[in-house]
Every structure is written in C-alpha cells, then in structure tokens.
Amino acid sequence: MLRRDPRSCFTATATASLLVVDAWFDVTASQPGPELATAVVMAVCAELPMAALCTVLAVRALPSRTRDKAPDTDRSDPQVNAATGFSPK
C-alpha cells in the first residue's frame, strides 16, 4: 500500500472477504445467549468495519484507466470510425 502497488487490491479484497465470512460464521455458529451477543458485538464493532476499510483500500488501489490513458488529441471516436470507415483527418 505504501508503494502504491496496484496488486495490493487483491490482498485487501481477500482480507475483506475473509472478515465478512468470519463474522457471518461466528454469528451463525454461536449458541443463543452471551455467546451470540459476543459474536454480534465483535462482528459489528470489529470485523465488519475492518472489512469496509479493506474494501475502500482495495478500490483506491485499483489502477485508474483515465490516468493511464494518453489524451486523445484528434477528438475522433475509434469505434465510430471503424463502423463508418470515415476518418476525420
């Protein structure tokens, strides 16, 4: 993350997924009573917020198409030109 490596989005996505699955499994597998209450509190206060943070980090780590794309100087649409055969030049 510190080096702005776009591959970090994979780790953040996997971590977020595992946190959500862990929260779900803890809540569904716990016994009614104090065990269930503890599982719900841990899920709501710790695991799900961390999963949301990891999701935000994953989205921010994705490479942007607009930053990588060179500016279009001839203002032509290649799809339209390919379909019509017309070149504005």
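Trainee: Which residues form a nonpolar patch on the surface?

Mentor: This is a predicted model, in which local features need pLDDT of at least 70, side-chain atom pairs count only at pLDDT 80 or more, and totals for chains, interfaces and linings use all residues. Residues are numbered from 1 along each chain as its sequence is written, and side-chain values use heavy atoms, with hydrogens and water left out. With about 360 Å² of accessible area together (Shrake-Rupley method, 1.4 Å probe; for residues, only the protein chains shown count as cover), the patch residues are Val21, Trp24 and Phe25.

Trainee: Is Val21 buried, partly exposed or exposed?

Mentor: Buried means under 20% relative accessible area, exposed over 50%, and partly exposed in between (1.4 Å probe, protein chains only). Val21 has 47% relative accessibility, so Val21 counts as partly exposed.

Trainee: In which helix does Val21 lie?

Mentor: Helices (H or I, at least four residues) and strands (E, at least two) are DSSP runs, numbered from the N terminus. Residues 8-29 form the helix that holds Val21, namely α1.

Trainee: Why do the buried residues of α1 line one face of the helix?

Mentor: The buried residues of α1 are Ser8, Cys9, Ala12, Ala16, Leu19 and Ala23. An α-helix has 3.6 residues a turn, so residues three or four places apart point the same way. The directions from the helix axis to the C-beta atoms define an arc; seen down the axis of α1, the buried residues line one face because they fall within an arc of 110 degrees.

Trainee: Against which helix do the buried residues of α1 pack?

Mentor: Contact means heavy atoms within 4.5 Å. The face of α1 turned away from its buried side carries the exposed residues Phe10, Thr11, Leu18, Trp24 and Phe25. The buried residues pack against residues 34-61, helix α2.

Trainee: What distance separates the C-alpha atoms of Leu57 and Thr13?

Mentor: Leu57 is placed in helix α2 and is partly exposed, with a relative accessible area of 31%. Leu57 and Thr13 are 44 residues apart along the chain, and their C-alpha atoms are separated by 8.5 Å.

Technical notes:
Patch = residues over 30% accessible without salt bridge, like charges linked within 9 Å, V, L, I, M, F, W, Y side chains within 5 Å. Salt bridge = Lys/Arg side-chain N within 4 Å of Asp/Glu carboxyl O.
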